[in-house]
Amino acid sequence: MHSSLSLSFSSSTAIPRSGHSSELSCAAPPSPLNLRFCGLRREALGFSSPKRNDSCRVIVSSRGRSKKVSASVSDNGSAPKAFDYDLVIIGAGVGGHGAALHAVEKGLKTAIIEGDVVGGTCVNRGCVPSKALLAVSGRMRELQSEHHLKALGLQVSAAGYDRQGVADHANNLASKIRNNLTNSMKALGVDILTGVGTILGPQKVKYGKVGFSENVITAKNIIIATGSVPFVPKGIEVDGKTVITSDHALKLESVPDWIAIVGSGYIGLEFSDVYTALGSEVTFIEALDQLMPGFDPEIGKLAQRVLINPRKIDYHTGVFASKITPAKDGKPVRIELIDAKTKEPKDALEVDAALIATGRAPFTNGLGLENISVVTQRGFIPVDERMRVIDADGNLVPHLYCIGDANGKMMLAHAASAQGISVVEQVTGKDHVLNHLSIPAACFTHPEISMVGLTEPQAREKAEKEGFEVSVAKTSFKANTKALAENEGEGLAKLIYRPDNGEILGVHIFGLHAADLIHEASNAIALGTRIQDIKFAVHAHPTLSEVLDELFKSAKVHAHVPSPVSEPVTV
């Protein structure tokens with residue numbers, strides 16, 4: 001499941017809400033090197049990847065404070081010289097799985113340690129089962145929409161559902177994908193080691209189940225990929241029945257008549273889609289002054305008009321749920337609200353159930369980080385732009401990397417996988433820095449929302465600081481033949497770009513299959529493709545892809561000879 005997005009940018013490309021930036025400065029000969037950044041190439045004078053015995057300087061900036069510290073990436077003298085594995089990965093979620101498969105492809109002897117079940121949050125308690133529930137909610141909406149069916153000439157009797165059957169569909173899908181991931185690693189020769197992984201020191205890990213003997217293994221390189229767990233704010237008592245997290249909600253043990261959802265991000269929106277389709281009334285509780293605060297404001301406004309206002313959903317904004325008490329002894333769930341700014345009591349709600357969708361927290365306890373002098377920041381493991389772990393003194397910890405939710409850079413399953421692949425590239429001798437601005441995100445409501453790159457406010461902030469112009473182009477789904485054939489013309493695609501050189505800064509889509517359409521834009525950003533070039537791409541007719549075709553064609557780029565696209569942002 002999607003969670004809150006957290007990006008941090010280097011100082012030269014800062015955008016609002018950036019809390020941290022880091023850069024790596026290494027001694028190198030004054031000759032230009034061609035480095036690959038997730039498909040992009042740039043000429044860098046005197047910038048090279050650190051090699052054994054190189055001495056580097058990490059410059060860490062945090063909320064206006066900066067410090068320079070030296071970092072040695074030479075081998076630690078206490079580290080073993082012969083290893084059981086080339087690579088050991090702690091955590092077999094989507095990130096760890098992606099890293100393991102790429103490592104085998106690169107010829108590395110690889111092991112992955114998992115203390116729970118293969119697949120992690122995404123497969124077992126997130127992306128995968130939630131999509132099964134959303135598939136059901138989508139079908140229910142179609143069958144319940146008399147206007148929609150009548151427009152297509154269809155007549156259907158009243159639709160119903162079997163709650164346990166829906167729950168079984170989600171559980172069966174998770175089991176199937178979990179087995180697929182397990183079998184894919186076994187088939188390629190990845191050793192799956194069962195137990196909790198703990199770092200003992202440089203290049204040394206122990207693992208084992210509680211109550212059983214532990215095993216110690218060594219590895220040339222180690223990747224931490226332990227993921228995250230639901231974040232529950234103070235004052236909220238979770239009983240797993242009437243006050244629940246997404247972990248509980250995906251089991252669909254009940255469909256309450258009235259449920260409050262605390263948080264209106266990806267998780268909250270998707271569950272509101274499920275619950276309202278199955279007959280529940282929903283109340284959103286949002287701390288900020290507007291719903292869907294993480295989305296582009298224009299897209300969020302349209303999405304609210306379609307996904308919130310016509311449905312059995314009301315909301316309270318600018319408030320915190322200071323205390324939530326589960327239902328007990330015939331009494332309903334009680335929610336006490338306070339003003340988010342003044343902290344004064346504001347209201348109280350009594351509902352049948354409450355879903356806590358306030359984001360996720362890194363799962364980094366018990367990793368043995370103290371054995372390598374690493375101190376977490378709000379639970380997140382500090383890393384540089386190459387996912388290399390940084391210790392309490394600002395030094396790079398040799399041969400240790402952290403990917404995915406545990407480092408907090410971008411809390412999405414596919415981002416974790418991309419980071420893992422990037423790390424494997426590095427440990428096999430190819431420098432690689434992932435451009436996080438090319439990673440798409442999606443919310444699987446009906447219709448869907450997707451995005452890649454910067455929002456319009458973020459782009460304009462960046463433009464003001466760096467001195468360039470920003471333009472916006474838009475296309476409606478109402479002009480698309482395939483969308484109209486499906487009677488799904490409600491939707492908008494938005495392009496944010498530089499008119500001087502055709503660089504794509506961001507793309508946001510709200511409409512039918514938006515989650516599938518976004519990848520043309522994300523790949524264009526990753527490959528450095530300019531608008532004046534992508535305009536010549538041919539799209540099959542009639543398809544939804546023509547929404548993007550028309551979007552790019554409507555953009556007005558001034559320069560006939562484009563200036564270079566700016567260097568990719570690394571986080």
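## Close-up views of a predicted model

View 1. Helices and strands here are DSSP runs (H or I, at least four residues, for helices; E, at least two, for strands), numbered from the N terminus. Angles go from 0 to 180 degrees between N-to-C directions, with axes fitted as lines to C-alpha atoms, for helices over the stretch in contact. This is a predicted model, with local features needing pLDDT of at least 70 and side-chain atom pairs counted only at pLDDT 80 or more, while totals for chains, interfaces and linings use all residues. Residues are numbered from 1 along each chain as its sequence is written, and side-chain values use heavy atoms, with hydrogens and water left out.

To count as paired, two strands need at least two bridges found by DSSP.

View 2. Strand E14 (residues 258–262) and strand E15 (residues 281–286) run parallel and are joined by 5 bridges. Look for Trp258, which stands opposite Glu281 in E15.

**View 3. H3 meeting H7.** The axes of helix H3 (residues 127–144) and H7 cross at roughly 45° and come within 9 Å. H3 and H7 are therefore oblique to each other. For the orientation words, under 35 degrees is roughly parallel, over 145 roughly antiparallel, 65 to 115 roughly perpendicular, and the rest oblique. H3 passes H7 in a left-handed crossing; left-handed is the case where the near helix is turned anticlockwise from the far one by less than a right angle, and right-handed is the clockwise case. On the H3 side, the contact is made by Ser130, Lys131, Leu133, Leu134, Ser137, Met140, Arg141 and Gln144. H7 brings Glu270, Phe271, Ser272, Asp273, Val274, Thr276 and Ala277. Contact means heavy atoms within 4.5 Å. Sorted by class, the contact of H3 with H7 has 6 nonpolar, 5 polar and 4 charged residues. The classes are Ala, Val, Leu, Ile, Met, Phe, Trp, Tyr, Cys and Pro as nonpolar, Asp, Glu, Lys and Arg as charged, and the others, Gly among them, as polar.

**View 4. H1 alongside H9.** Helix H1 (residues 94–105) and helix H9 (residues 413–427) have axes that come within 7 Å and cross at roughly 30°. H1 and H9 are therefore roughly parallel to each other, and H1 passes H9 in a right-handed crossing. From H1, the contact takes in Val94, Gly95, Gly98, Ala99, His102 and Ala103. H9 answers with Ala413, Ala416, Ser417, Gly420, Ile421, Val424 and Glu425. That contact of H1 with H9 divides into 7 nonpolar, 5 polar and 1 charged residues.

**View 5. The three-stranded antiparallel sheet.** This open sheet has 3 strands, ordered E17-E18-E19, with antiparallel pairing. Strand E17 (319–325) and strand E19 (345–351) are at the edges with a single partner strand each, so one side of each has no neighbour in the sheet. On average, neighbouring strands of the sheet are turned by 25° against each other, direction ignored. Strand E18 (residues 333–339) pairs with E19 in the antiparallel sense over 6 bridges, and Glu336 has Ala348 of E19 as its bridge partner.

View 6. Val351 sits in strand E19 and counts as buried because its relative accessibility is 1%. The cut-offs are under 20% relative accessible area for buried, over 50% for exposed, and partly exposed in between (1.4 Å probe, protein chains only). Beyond its neighbours within four places in sequence, Val351 is in contact with Trp258, Ala260, Pro332, Val333 and Ile335.

View 7. Strand E9 (residues 196–201) and strand E10 (residues 204–208) run antiparallel, joined by 5 bridges, with Thr198 opposite Lys206 in E10. Their hairpin has 2 residues between the strands, and Gln203 in the turn has a positive phi of about 60°. E10 also pairs with strand E11 (residues 215–224) in the antiparallel sense, over 4 bridges. The hairpin of E10 and E11 has 6 residues between the strands, and Gly211 takes a positive phi near 90°.
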